[in-house]
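Here are a few friendly notes to read alongside the model. Keep the 3D view open and find each residue as you go.

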Amino acid sequence: MIFETYPDREMMMLSLADKIAGQLGEFLRRDGKATLCVPGGTTPGPIFDTLSGVDLDWANVAVVLNDERWVPESSDRSNTRLVRQRLIRGRAAQARLVPLYAPADTPEAMLDTLADGIRPHLPISVLLLGMGADMHTASLFPGADRLDEALSPQAPILMALRAEAAGEPRITLTAPVLQAAFNIHILITGAEKRAALEIAAGLGPKDAPVRAVLDNATVHWAE
């Protein structure tokens with residue numbers, strides 16, 4: 001793990017956006033395509049705002065969410081909605097947003113279809129993750145009903161998980177997909193999450209799911 005600290009959040013967001021853009025550019029120049037995997041939530045919004053204005057070959061960039069609540073895009077709680085509003089606009093409007101939701105009563109009904117849409121864009125070129133104070137990342141929550149399966153090296157691309165802390169049912173990329181990313185960045189802010197990260201470093205993935213990706217990650221932190 002590499003741990004990078006910044007004097008303030010604004011500098012961190014600008015610096016990390018620049019780093020992500022540079023890494024995407026390297027893949028585009030070498031392979032002619034790239035996959036960017038991002039979290040929902042409001043914390044990475046400034047990064048998305050900056051990236052949306054960067055001059056990249058966005059038509060050959062696939063954007064995939066780390067995870068999604070099982071709600072339609074019309075919901076205020078939809079990660080897809082937030083990413084479309086903050087990232088898939090401006091120059092980045094040409095990027096392909098790969099869906100993690102399809103109309104169905106339960107995520108299990110659409111797992112295979114959604115996984116088929118993601119498979120051609122793996123492995124992930126650049127992965128940006130968040131982390132909760134409970135040490136979850138993506139929708140890999142401590143105590144989730146199928147966490148052991150989602151952490152397994154044999155896990156499928158996508159799984160549906162349910163956890164008390166998660167609210168709605170979730171659909172998430174599994175640990176082996178996240179671990180296989182070429183570049184892994186974890187974005188955290190505040191003293192509480194820094195302390196949680198330090199605790200996670202001494203635990204196993206079942207108790208601290210972020211531990212599954214920590215060894216090869218660069219963690220970016222500002223107060």
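1. Let us start with a term: a salt bridge is a side-chain nitrogen of Lys or Arg within 4 Å of a carboxyl oxygen of Asp or Glu. Please keep in mind that this is a predicted model. Side chains of opposite charge can pair when their charged atoms come close.

2. D49 and R89 form such a pair through their side chains, at 2.9 Å from N to O. D49 sits in helix α2 (residues 45-51) and R89 in the loop between α3 (79-86) and β5 (96-98), so this bridge ties together parts that are 40 residues apart in sequence. D49 is partly exposed, at 28% relative accessibility, and R89 is partly exposed too, at 34%.

3. Next, look at E73 and R84, whose side chains meet in a salt bridge of 2.6 Å, N to O. E73 belongs to the loop between β4 (67-69) and α3, while R84 is in helix α3, so the parts tied together are 11 residues apart in sequence.

4. R119 and D116 make another salt bridge, at 2.7 Å from N to O. Shared partners also join D49, R86 and R89 into one network of salt bridges. How many salt bridges does the structure hold? There are 15.

5. Now turn to the largest nonpolar core, which has 83 residues. V83, L158, L173 and I186 touch the most other members. Helix α1 (residues 9-31) gives the most to this core, with 9 residues.

Key: Residues numbered from 1 in each chain as written. Predicted model: local features only at pLDDT ≥ 70, side-chain atom pairs only at ≥ 80, totals over all residues. Heavy atoms only, no water. Core = buried A, V, L, I, M, F, W, Y, C linked by side-chain atoms within 4.5 Å. Buried < 20%, exposed > 50% of the residue type's maximum accessible area, 1.4 Å probe, protein only. Helix = DSSP H or I, 4+ residues; strand = E, 2+ residues; numbered from the N terminus.
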